[in-house]
Amino acid sequence: MKDIIQVKNISFNYADQPLLFDNLSLNVHEGEWLALIGQNGSGKSTLARLIDGLNVLKQGQIIVDGLLVNDENILDIRNKIGMVFQNPEDQFVGATVEDDVAFGLENRQVDREQMHHIVERSLKNVNMWDFRDRIPANLSGGQKQRVAIAGIVALSPQIIILDEATSMLDPRGRQDILNLVREIKAKNHLTVISITHDIDEAAGADRVVVINHGKKIDEDVPDKIFANTEQLEQIGLDAPYTSQLIAALKGKGVNLNQQYLDSERLIAWIKQLVSNK
Amino acid sequence: MNNFLFGRYLPGNSWVHQMSPQSKLMLSFYFVIVIFFANNLASYAALAALIAIVILLSGVSILFFLKGIRPLIWLIIFTVALQILFSAGGTVLWKWGPFSVTNLSLINGGFIFIRFLLIIMISTVLTLTTTPLAIADGVQTVLKPLKKVKFPVDTLALMLSIALRFVPTLMDEMETILNAQRSRGVDFGSGSLKHRVQAAVPLLVPLFTGAINHAENLSTAMEARGFSDSEHRSKYRIYRWQLKDTVSWLVFLLVGGLVLYLRK
């Protein structure tokens, strides 16, 4: 599989602060859902900003779909990447929903006629067309994130980066947004990088990369990552609820062959266990 | 304040609603200038008749206009009172120390009152029939000629529209901070002026911190969405000059001419 993003031996630090990344390398495969997990301050958001050229790299290279991230390619790279940020309020530029979706198109000097078509299509995509006249003050956090996603869909990128995009939403809003992104990803064959410390969000990914103090300490499928509850605890992350349950059962002498199960599979397994007795 | 900026727009589809914002904006300025040329009953009557027609054409209930006057009522009374008590000339009707009321000062006071009323009416028509966003766009169109002298008109318009967009956000935050401080026993409403100013400090500091954070995050989000400079962008909204604008201008120019003819 092709690597759509290659992070090669990068080093970076913010002004007057110690080195955050020291020789970090990471690849993102085309079409995958990659979850980047780690504690606050572990550098995961900074990594996303470096990929999008929002922060400038000191050393090393980042290549996005064959283009080196530098001043020259920056606009082309931002055409390929759509980013959804944490605070719904702080990425709403337009005065109304439709003006906000149009913002990215205006920046690319898209023709007005075409712009109206794209805005309509994008808003219908995220079920927000009926809200097109609303001002952001009259929208919920989840609705604002939907608009942010519409703004990204309008630009038809290849990669979506969710930078803690669901962390300020309630559980239902969070699930809504994730389902929406999943749907859009499948329809448009996108690559998704989700930066999160919501373990359940990461559990739905194809692959998980664990970052701690600017170092990649593990990368694997979620099942393997979450089976290793000790490692998660060491870097201060909660293990998913099911992993905790499995560990607790183990302590009671109930042994499970598999290391990690999501809640559905765990329920099925417990049912089977009970009926066998 | 929230109501002042946002609650005022009344959606509608009247003649005035359909006019382009740039022409409404310019017409309002023009009208205010014409008001200062009026100096007798006939010329004021002409202007009052025009504004009455405009209000009828806006399809907005007169009650909303009366509401527009309320916040300014003290300013009006004060100015009119000053005019009546201090202007000289004419037959003295009443005198007490430095104050005097003459027949001329009464007439002048009345005219000032009408002048205020007319200015409030025209600006209320503008804000009731035009969204803040449309007004920002109108400003951009009106200022367009300044581009020739390298004035950043588009940047200004974008700043204006973002500022308008964040007003309700900051209002909400102020409300939250206000309640948080109140719950800790801060009293904002009473005490000496000095005390009240001091009480505002713990309100302003977190409000400013929040605003600066918003600004920083917003600029990152704008960059991520491909924003590089505001002068090279296409426009999603456009407000075209229409026949209604031309007709309105002709009528307003005619009335302007009439005022010049009727004035003393």
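**View 1. Confidence along chain B of the predicted model**. In chain B, the lowest confidence falls in helix H1 (residues 2–7), where the mean pLDDT is 47. The highest belongs to helix H3 of chain B (residues 21–35), at 94. Chain B as a whole averages a pLDDT of 86, and 97% of its residues score at least 70.

**View 2. The stretch of chain B with pLDDT below 50**. This stretch comprises residues 1–6 of chain B. Beyond near neighbours in sequence, residues 1–6 of chain B have 9 contacts in the model.

**View 3. The contact between chain A and chain B**. Chain A contributes 30 residues to the contact, and chain B contributes 25 residues. On the side of chain A that touches chain B, the elements giving two or more residues are helix H2 (74–80), helix H3 (97–107) and helix H4 (112–125) of chain A. Helix H3 of chain A gives the most to this side, with 6 residues. By residue class, the side of chain A that touches chain B divides into 13 nonpolar, 8 polar and 9 charged residues. For the model, the ipTM is 0.86 and the pTM is 0.80.

**View 4. The annotated domain of chain A**. An unreviewed UniProt entry carries the annotation "domain: ABC transporter" for residues 5–238 of chain A. In the model, the end C-alpha atoms of residues 5–238 of chain A lie 28 Å apart.

Definitions and conventions. Residues are numbered from 1 along each chain as its sequence is written. Chains are lettered from A and ligands numbered from 1 in the order in which they are written. This is a predicted model: local features need pLDDT of at least 70, side-chain atom pairs count only at pLDDT 80 or more; totals for chains, interfaces and linings use all residues. Two residues are in contact if their C-beta atoms, placed from the backbone, lie within 7 Å. Helices (H or I, at least four residues) and strands (E, at least two) are DSSP runs, numbered from the N terminus. Ala, Val, Leu, Ile, Met, Phe, Trp, Tyr, Cys and Pro count as nonpolar, Asp, Glu, Lys and Arg as charged, and the others, Gly among them, as polar. UniProt positions are given in the numbering used here, feature names are shortened, and annotations may be inferred rather than shown by experiment. pLDDT is the predictor's confidence in each residue, from 0 to 100.
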